[in-house]
Amino acid sequence: MMRYSTKISVVVTCYNQEKYIQECLNSLVNQTFDDFEVVVVDDGSRDNSLKIIYSFLRKIKKLKVIEQENQGVISARNNGIKQSCGKYIYTLDGDDYLDEKTIQCVYDAVLLGKGDVITTNARCFGRQNFPLYFNSINKINMSGINCLLNAALFKKSDFIKAGGYDERFKEGFEDYDLWLNFLFN
């Protein structure tokens, strides 16, 4: 049986995202839920991302920074999850940010049995600002198109059983592959 030192590990991947990483990490500082760690994997950034990440050591009480040579987001996510301590994982990209109640809401949903993978509504931001809409999550819809964001809460043990993110997916769809492994296994 695995022992966990925190309920949730928020795994943030970052590669050359100095423009967004501060806003991403600030959104984690402001969460209403407090039993989580933040694992940031810097995937060989060549800009000031790493400097910005390290500036959060005093702001985020459970912050783990992992530096690796550039290997891609899939490797970075797998590495961050492997080194995480939470029973649940919430994946996030360095150019994402969360509403202050997001982690509390997804944790409450998983405790209420609303699913094994919990995600939220999302909006694109920046020059274009609009909501993203997804089909209902079921086997039929998922067999044709991805209905989930990569930013989602799931059990670390389920992630391990599913084999993690497949690093052969170099151009994306690694999260879709993972969700299908969760759904059909």
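Predicted model: local features only at pLDDT ≥ 70, side-chain atom pairs only at ≥ 80, totals over all residues.
Biologist: How many residues of strand S2 are buried?

Modeller: Burial is a matter of relative accessible area, and buried means under 20%. In S2, residues 36-43, eight of the eight residues are buried. Both faces are covered: Phe36, Val38, Val40 and Asp42 lie on one side, and Glu37, Val39, Val41 and Asp43 lie on the other.

Biologist: In which sense, parallel or antiparallel, does S2 pair with strand S1?

Modeller: Pairing requires at least two bridges between the strands. S1, residues 6-14, and S2 share seven bridges in the parallel sense, and Ser9 stands opposite Glu37 of S2.

Biologist: Which residue in strand S3 is the bridge partner of Val38?

Modeller: The partner of Val38 is Leu63. S2 and S3, residues 63-68, are joined by six bridges, again in the parallel sense. Here the chain crosses from S2 to S3 through helix H2, residues 49-54, and this β-α-β crossover is right-handed.

Biologist: Why can the buried residues of helix H4 be said to line one face?

Modeller: The criterion is the arc of directions from the helix axis to the C-beta atoms. In H4, residues 102-111, the buried residues are Thr102, Ile103, Val106, Tyr107, Ala109 and Val110. Seen down the axis, they fall within an arc of 160 degrees, and therefore line one face of the helix.

Biologist: Which elements do the buried residues of H4 pack against?

Modeller: They pack against S1, H1, S2, S4, S5 and S8. Just after H4, Gly113 adopts a positive phi of about 75 degrees.

Methods: Residues numbered from 1 in each chain as written. Heavy atoms only, no water. Buried < 20%, exposed > 50% of the residue type's maximum accessible area, 1.4 Å probe, protein only. Helix = DSSP H or I, 4+ residues; strand = E, 2+ residues; numbered from the N terminus. Right-handed = clockwise from strand over helix to strand, strands pointing away. Contact = heavy atoms within 4.5 Å.
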